[in-house]
Amino acid sequence: MTSVEMKGPLHCRKRIVKSLSELREEVVSLYETWKGRCGVLLFLYSVILTKSIENIRNEIEDTTEPLIDPVYGHGSQSLVNLLVTGHAVSNVWDGDRECSGMKLHGIHNQASVGFLTLMESLRYCKVGAFLKSPKFPIWILGSETHLSVFFAKEMCLVAPESPSEQARRVFQTFDPEDNGFIPDCLLEEVMKALDLVSEPEYYVSLMKSKLDPEGLGIVLLAPFLLEFFPDQDTGIPDSFPVYHYNGLKQSNHNEGVEYAQGTALVLGFEDPMVRTDDTPVKRCLQTKWPYIELLWNTERSPSLN
């Protein structure tokens with residue numbers, strides 16, 4: 001790992017550490033520096049030098065795309081993915097996909113910290129399970145121009161992937177355009193990927209007839225999950241405390257930067273009697289929990305921008 005610190009107004013000093021214990025000592029020794037005016041920039045330099053510029057270029061699809069927008073200063077998706085997953089890929093879906101003969105790289109492993117984006121609610125993209133279901137209940141929320149943080153203390157929110165969640169993820173890899181269905185000719189491949197095939201010829205043919213009774217040549221996601229994974233309890237509580245942090249002063253009440261605390265209600269269906277608000281934060285979270293409602297302890301709902 002490479003760390004960078006300022007030595008005077010025009011000079012930086014690079015240090016290389018080779019073990020986790022050295023890294024921990026280095027982070028602690030530079031804590032005050034990273035809290036300072038150039039702390040974020042120095043941390044970014046450390047990440048880039050640790051990953052190496054060559055490796056970053058190899059992972060970014062468009063090498064002409066800057067990591068930071070030169071006009072508005074926004075971090076690119078490649079930069080967000082680099083900081084969250086360690087890989088500077090440009091996409092947020094699970095695994096790799098092919099488009100017009102080109103291989104487009106996505107996320108290959110469960111991230112420690114998750115990522116949700118308002119762009120998905122606008123149907124500009126589809127975030128995969130590796131970012132939606134991280135190892136810890138912490139999610140970076142992306143708007144059109146800004147990043148904020150949403151987190152909870154309930155570890156059951158990030159429990160290991162259930163069989164039905166795995167099935168949904170595998171099914172969607174065969175449905176790259178997120179249509180909610182696959183051609184029936186792909187059913188055998190999906191079933192094989194999930195170890196659901198015992199007698200390929202007879203059993204797959206039977207399932208095709210059952211899942212596509214009208215002979216349309218497609219298999220819908222919902223009936224597929226209901227057939228093979230019925231009534232699976234997600235283990236998520238109906239309500240739990242949540243927190244949101246936005247580091248911009250102008251986005252906080254009275255320009256005081258602080259955490260917003262509230263309660264999340266996760267319903268199994270849309271209930272107009274329990275409807276709270278329709279804020280960008282809620283729309284962003286609905287890409288993971290479609291029927292979530294938020295009750296904030298503050299006078300106004302926290303801002304995503």
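This is a predicted model: local features need pLDDT of at least 70, side-chain atom pairs count only at pLDDT 80 or more; totals for chains, interfaces and linings use all residues.
Six strands form an open sheet in the order β5-β6-β7-β10-β11-β12, and their pairing is mixed. In general, strands of a sheet pair through backbone hydrogen bonds, either parallel or antiparallel. The antiparallel sense is found between strand β7 (residues 147-152) and strand β10 (residues 239-245), which pair over four bridges. Within this pairing, A152 has V242 of β10 as its bridge partner.

A nonpolar patch on the surface is formed by F136, I138 and M155, which together have about 260 Å² of accessible area. Of these residues, M155 lies in the loop between β7 and α8 (163-173). The relative accessibility of M155 is 44%, and this residue therefore counts as partly exposed.

A disulfide is a covalent bond between the sulfur atoms of two cysteines. A search of the whole structure returned zero disulfides. C125 is accordingly in no disulfide, and the nearest cysteine sulfur, that of C284, is 9.6 Å away. With a relative accessible area of 27%, C125 is partly exposed. C38 also counts as partly exposed, at 32% relative accessibility.

Nine salt bridges were found in a search of the whole structure. In one of them, the side chains of K35 and E32 meet at 3.9 Å, N to O. Because K35 and E32 are three residues apart in helix α2 (residues 31-35), about one helical turn separates them. K35 is exposed, with a relative accessible area of 52%, and E32 is likewise exposed, at 55%.

A further salt bridge joins the side chains of K126 and E120 (3.6 Å, N to O). Here K126 counts as partly exposed at 26% relative accessibility, whereas E120 is buried, with a relative accessible area of 9%. Both residues belong to a network of salt bridges that links E120, K126 and K132.

The side chains of E227 and K210 also meet in a salt bridge (3.2 Å, N to O). This pair links distant parts of the chain, since E227 is in helix α11 (residues 221-228) and K210 is in helix α10 (residues 200-211), 17 residues apart. E227 is partly exposed, with a relative accessible area of 28%.

How values were computed
Residues are numbered from 1 along each chain as its sequence is written. Side-chain values use heavy atoms; hydrogens and water are left out. Two strands pair if DSSP finds at least two bridges between them. Helices (H or I, at least four residues) and strands (E, at least two) are DSSP runs, numbered from the N terminus. Patches are made of residues with over 30% relative accessible area and no salt bridge: like charges are joined within 9 Å, nonpolar side chains (Val, Leu, Ile, Met, Phe, Trp, Tyr) within 5 Å. Accessible areas come from the Shrake-Rupley method with a 1.4 Å probe; for residues, only the protein chains shown count as cover. A salt bridge is a side-chain nitrogen of Lys or Arg within 4 Å of a carboxyl oxygen of Asp or Glu. Buried means under 20% relative accessible area, exposed over 50%, partly exposed in between (1.4 Å probe, protein chains only). A disulfide is a pair of cysteine sulfur atoms within 2.5 Å.
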